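This briefing looks at how parts of a structure meet, both within a chain and between chains. Please view the sequence and the model first.

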Amino acid sequence: MSPDEIRGMAEREREHQAGRSCVLQVCTAAGCQPMQSVEIKTALEAEAKARGIGEHQCQVKSVGCLGLCGSGPLVRREPDGAMYQRVTPGDAPAILDSLGSAPPTHLFLDTRQPFFARQTRIVTANSGRIDPERLEDYLAAGGYATLARVLTEMSPQEVIGEITRSGLRGRGGGGYPTGLKWSTVAKSPGTPKTIICNADEGDPGAFMDRSVLESDPHRMIEGMLIAAYAVGASEGYIYIRAEYPLAIARLKTALRHAERHGLLGNNICGTRFNLRIELRLGAGAFVCGEETALIASIEGNRGTPRPRPPYPAERGLFGHPTLINNVETYANVPSILERGGEWFAGIGTERSKGTKVFALTGSIANTGLIEVPMGITLRDIVFEIGGGVPEGARFKAVQTGGPSGGCIPEQYLNTPVDYESLMSLGSIMGSGGMIIMDDSSSMIDVARYFMEFCMTESCGKCIPCRMGTVEMHELLGRFLNGSAAKADLDLLEDLCEMVKSTSLCGLGQSAPNPVLTTLRYFRPEYDAALAAGGR
Amino acid sequence: MAGRVLTCQIDGQDVSGLEESTILEVAREHHIRIPTLCHVPGLPEAGACRVCLVEVEGAARLLPACVTRIAEGMKVKTESERLLKYRRMTVEMLFAERNHICSVCVSNGHCDLQWLAQTLGVDHIRFPYRYPALPVDSSHARFVADHNRCVLCLRCVRVCGEIEGAHTWDVMGRGADCLVITDLAQPWGESASCTSCGKCVQVCPTGALSEKGKSAGEMAKQRRFLPYLTLMRGGNHV
C-alpha cells in the first residue's frame with residue numbers, strides 16, 4: 001500500500017465506525033476466552049439480532065485484553081467506556097437492556113478506580129479497543145501511518161537517532177539501550193541483515209507479550225518494520241513459544257493481512273524497502289529466550305547458548321548481523337516515531353524512560369495486566385493499582401523478574417520501579433512478571449520453586465548451571481524438611497556466588513537470585529529452619 | 001589471520017600475541033598454565049566447562065580464556081583465591097554428577113578429569129554424590145560408551161561433526177538429564193552414520209568412550225592426529 005492508500009483505508013474505516021452509536025467490545029484474549037467470552041459475544045449478537053438492533057446501531061466486537069483479567073470475562077462499551085465484569089452468556093439481555101444507562105450493579109466495573117486511572121498506555125493503547133484480527137481497525141487507530149512516514153521521509157540514521165533520544169531500553173529483561181543496539185547492527189558489515197522478535201516469553205506468571213500479540217499484533221509488526229528499515233535488515237523472524245496458540249493464530253492472521261496489503265514483502269509502501277517475516281515456534285525450552293540459544297534454535301540446532309562476544313549484532317543468525325529485541329520493545333517503536341523521542345523521554349525516570357507493562361499475579365486483589373510509567377513505586381503498583389492483598393492476609397513480598405529476579409520485602413516498597421533501583425535490591429526488572437506473596441508463603445519454598453524451574457530448564461551445557469541448580473535445589477529441600485545443618489547454609493551461599501559468577505548464560509548467572517534475595521531479606525526463615533532441625 | 005600484534009599482561013607478565021588470538025593461546029605460548037577441560041587444540045571451542053575462567057581487569061564478569069580474544073593493554077589474572085575456589089567447585093560438581101570411580105576405570109592415570117582434580121588439589125567432594133543409573137553402550141564392535149564417566153564436555157560431538165564430518169554424536173535431554181547420543185539415540189553399533197574412525201574415543205577426556213579390550217588404567221588416548229589434521233587442512237590451531 002502506498003501512504004495515500006493507507007490514509008484512505010483508515011479514513012473509510014473511521015467514517016464507518018463513526019456511524020455506529022454503540023460498540024460492545026468483548027475481550028477474547030486468552031484470559032477471558034476460557035471463561036466463555038466467545039459464547040458471550042455470540043449471545044450478545046443473537047440478542048441484538050432478536051431485538052432488531054442492526055450492526056450500524058450496536059456492533060458487538062471481539063477485542064484484545066481489557067486489563068483486569070481477575071474480574072473477567074470483561075465487556076467494554078463505547079462511546080462512554082463503561083465496563084461490565086464477570087459476564088456470562090446469560091447476561092446478554094441485561095447488557096442490552098442497560099445500553100444508554102449504567103450497567104446493572106452485579107456487572108458494573110468501576111473504571112474510575114486506580115487500576116485504570118493510574119495507567120499510562122502506550123504499548124497497550126489499542127488493547128481492548130481494536131479487533132486484533134482486522135487490519136482496518138489498526139489502520140483506523142492510526143496504524144502504519146508512522147511506518148509510511150518513516151519510509152518516505154526519514155533516513156535510517158534519523159530513525160536510530162530518534163530511538164536513541166527516546167532512551168528506550170530493552171524490555172526483555174536486560175535493559176540494554178535499544179538505540180545503541182540498533183546503531184551497532186546498522187554499522188555491522190555483512191548482508192543480509194536479520195531482525196528477530198523474541199516472543200519466547202517464559203517467566204512463570206508473566207503474560208505481557210502474549211497479551212500484546214493477542215490484542216494488537218500489528219503494532220509489534222509495525223515496530224519490527226521500522227526497526228528493520230533502521231538497521232537495513234531484509235529478513236525477519238518471530239520466535240514465539242508454541243504454548244501461545246491464540247497469539248500465534250492472531251499473529252499469523254496479522255502477517256497474512258500485512259502481506260496481502262503490501263506492508264510486508266517487496267517494495268513496502270512503494271519504496272525500495274523489503275522485509276519478509278517468518279514465524280518460528282519454540283518447542284518449550286525456557287533457555288531459548290536467551291538470544292544466542294534462540295538463534296541456534298532458529299538455525300535448526302539444539303537451543304543452547306554460546307559465549308558472547310561475538311554478539312548477535314555482529315554475528316547472529318546464520319552468521320549475519322542480527323537485531324534481536326522482544327515484543328514489548330518493538331511495540332513501543334511506532335509510538336516513539338509518531339510522537340518523537342523527546343516525548344517518550346519525558347515519561348519515566350532519569351535512566352529508565354517510558355512505560356512498562358507488568359503482569360500482576362499471586363495474592364493480589366486485581367489480577368491482570370497494567371502499563372505504568374517507569375519510576376512509579378512498587379507500593380503504588382501493589383496497593384493502589386493492584387488493590388493490595390485480599391482481605392485476611394498480609395503482604396509479604398513481591399517477586400519481580402521471574403526466575404532471574406528476586407523477592408522484595410515490604411520495607412523496600414517505596415522503591416521506584418526502574419532498571420537500576422530493582423537491580424540494587426538484588427532483583428531485576430525482567431520482562432514484567434510481578435508475583436505478590438502474602439504471609440502464608442514460605443520464602444524458602446518460593447526460592448525452591450524457582451530453583452526447580454531453573455534446574456529443569458537448564459540446557460545442561462555448562463556445569464555450574466547444570467549441577468549447581470540441582471545442588472541448590474537439594475539444599476533448599478533440606479531446609480524445608482528440617483534436615484539442614486549450618487554447613488548447608490554456608491555451602492548454599494558458596495554455590496549461589498559460584499553459579500552466578502561462572503555460568504555461561506544469563507539463565508545460570510541469574511538462577512541464584514531468588515535464593516540470594518530471600519537469604520538477604522528473609523534470613524530469619526532460614527535460621528528458624530536450622531533451629532527447628534536442631535542442627 | 002590478521003597480522004597485528006597486540007601486547008597485554010597475563011599474571012603480571014608482559015606478553016604479546018596476534019590479534020584474534022585467545023587469552024588461552026597467548027598464555028600457552030608463554031608457558032602460563034590455565035587449566036582446561038572442554039578445550040582441545042584443533043576443535044572449535046564450546047566454552048562450556050568453565051574451568052578456564054580468568055579475571056580480566058575492567059570486565060564485570062569472569063571470562064573464559066578459551067574464547068576471549070586478547071586486546072591491547074588487557075590485564076589478565078589466571079590465578080586467584082576466587083578462581084581456585086570456583087575451579088575446585090566445578091570439578092567437585094563433575095565428580096558428584098555421575099559415577100566416577102577411578103580405581104576401576106579404563107582411563108585411570110590417563111584421565112583429564114583426574115589430572116584436573118590433582119592439579120587443583122581437590123581431595124574431597126562436598127556435594128552429595130548423585131549416583132545416577134546410567135547405561136553402558138557396548139553395541140559397537142570396537143568401542144564402548146559408558147555414560148557414567150561422561151562429563152558432557154562435547155569433545156566427541158565436536159570432533160565427529162567438525163573433523164570427521166559424520167555428526168554421529170549429539171546431545172539429548174536437558175540439564176542434569178543430558179546424554180550424548182549416537183544418531184537419534186540408537187545403539188552405537190547400529191548407527192548408520194558412524195564411520196568407526198574412533199576420533200571421539202581419542203579426544204574423550206575420561207573413560208566414557210574407550211576401546212574394547214582395555215582393562216583398568218590401560219586406555220591412554222592418542223590425540224596427535226588432531227593438530228596434524230588441522231595443520232594439513234590449513235587451520236591455525238596447532
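**Contacts between chains and domains**

Between chain A and chain B, the rule finds 6 salt bridges across the interface, a salt bridge being a side-chain nitrogen of Lys or Arg within 4 Å of a carboxyl oxygen of Asp or Glu. The model is predicted, so local features need pLDDT of at least 70 and side-chain atom pairs count only at pLDDT 80 or more, while totals for chains, interfaces and linings use all residues. Residues are numbered from 1 along each chain as its sequence is written, chains are lettered from A and ligands numbered from 1 in the order in which they are written, and side-chain values use heavy atoms, with hydrogens and water left out.

**Chain A with chain B**

- A salt bridge joins the side chains of A:Arg466 and B:Glu97, at 2.7 Å from N to O.
- On the side of chain A that touches chain B, the elements giving two or more residues are α17 (443-457), α18 (463-481) and α19 (486-502). Helices are DSSP runs (H or I, at least four residues), numbered from the N terminus.
- The largest share of that side, 9 residues, comes from α18(A).
- By class, that side of chain A has 13 nonpolar, 9 polar and 10 charged residues. Ala, Val, Leu, Ile, Met, Phe, Trp, Tyr, Cys and Pro count as nonpolar, Asp, Glu, Lys and Arg as charged, and the others, Gly among them, as polar.
- In chain A, 32 residues are in contact with 32 residues of chain B, where contact means heavy atoms within 4.5 Å.
- The two chains bury about 2,700 Å² between them, with 57% of it on carbon and sulfur atoms. Buried area is the accessible area (1.4 Å probe) that two parts lose on being put together, summed over both.

**Domain 1 with domain 2 of chain A**

- The domain assignment (automatic or from a database) gives chain A domain 1 (20-112), domain 2 (142-345), domain 3 (355-436) and domain 4 (443-533).
- About 490 Å² is buried between domain 1 and domain 2 of chain A, 51% of it from carbon and sulfur atoms.
- The count of salt bridges between these two domains is 0.
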